[in-house]
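Have a look at the picture first, then read on.

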Amino acid sequence: MTIAEVSRKYGLTADTLRYYERAGLIPPVPRNANGIRVYDEESCKWIEFVKCMRGAGLAVDALAEYVALCQQGDRTRPRRLDILHEQRDRLWQRVQAMEATLDRLDRKINAYSDCLEPAERRLYQMEEEKRMREGCQPGA
């Protein structure tokens, strides 16, 4: 696939795809005789992986190290596993922090709702009373 096709497929700009390669987030993409990138299935798998990991906030340097280690072969498996565990732990901490923030937001929303509902009822009653005084029918 061309860079334009891959860009459309994954919703990434061509500049982002070139950056991924330059930063070592994906292994070098094969090129044709004219030097144009030709994304193969393996390249696309790396793009999917990096897009997912970056979307979750994993660090560029950790991903680049992971990719470099993958290219060195099986002897780097223990370190790669360490990186994955480290990144998982960091992501888990972020998820916990986001859940705590979400709970706090929910409490705030509920507090506002608890205050607003009685006020909204009073306002509705006042509007109804005003319409009645003015001789209008409710809901008219």
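## How H1 meets H2

In this predicted model, H1 and H2 pack with their axes 9 Å apart, at an angle of about 100°. Angles of 65 to 115 degrees count as roughly perpendicular, so that's what H1 and H2 are to each other.

Which residues of H1 and H2 make the contact? On the H1 side they are Ile3, Val6 and Ser7, and on the H2 side Ala14, Leu17 and Arg18. Sorted by class, the contact has four nonpolar residues, one polar and one charged.

Skipping its neighbours within four places in sequence, Val6 is in contact with Met1, Leu17, Tyr39, Cys44 and Ile47. Val6 also belongs to the largest nonpolar core, which has 22 residues; Val6, Leu17, Ile26, Tyr39 and Ile47 touch the most other members.

H4 gives the most, with six residues.

Now zoom out. The protein has five helices and zero strands. Its radius of gyration is 28 Å, well over the 14 Å that the globule rule gives for 140 residues, so the protein is more spread out than a compact globule. Along its principal axes, the C-alpha trace spans about 85 × 35 × 20 Å. Of the 140 residues, 22% count as buried.

Conventions
Residues are numbered from 1 along each chain as its sequence is written. This is a predicted model: local features need pLDDT of at least 70, side-chain atom pairs count only at pLDDT 80 or more; totals for chains, interfaces and linings use all residues. Side-chain values use heavy atoms; hydrogens and water are left out. A nonpolar core is a set of buried Ala, Val, Leu, Ile, Met, Phe, Trp, Tyr and Cys residues joined through side-chain atoms within 4.5 Å. Buried means under 20% relative accessible area, exposed over 50%, partly exposed in between (1.4 Å probe, protein chains only). Helices (H or I, at least four residues) and strands (E, at least two) are DSSP runs, numbered from the N terminus. Contact means heavy atoms within 4.5 Å. Axes are lines fitted to C-alpha atoms, for helices over the stretch in contact, and angles run from 0 to 180 degrees between N-to-C directions. Angles under 35 degrees count as roughly parallel, over 145 as roughly antiparallel, 65 to 115 as roughly perpendicular and the rest as oblique. Ala, Val, Leu, Ile, Met, Phe, Trp, Tyr, Cys and Pro count as nonpolar, Asp, Glu, Lys and Arg as charged, and the others, Gly among them, as polar. The radius of gyration is taken over C-alpha atoms; the globule rule is 2.2 Å times the number of residues to the power 0.38.
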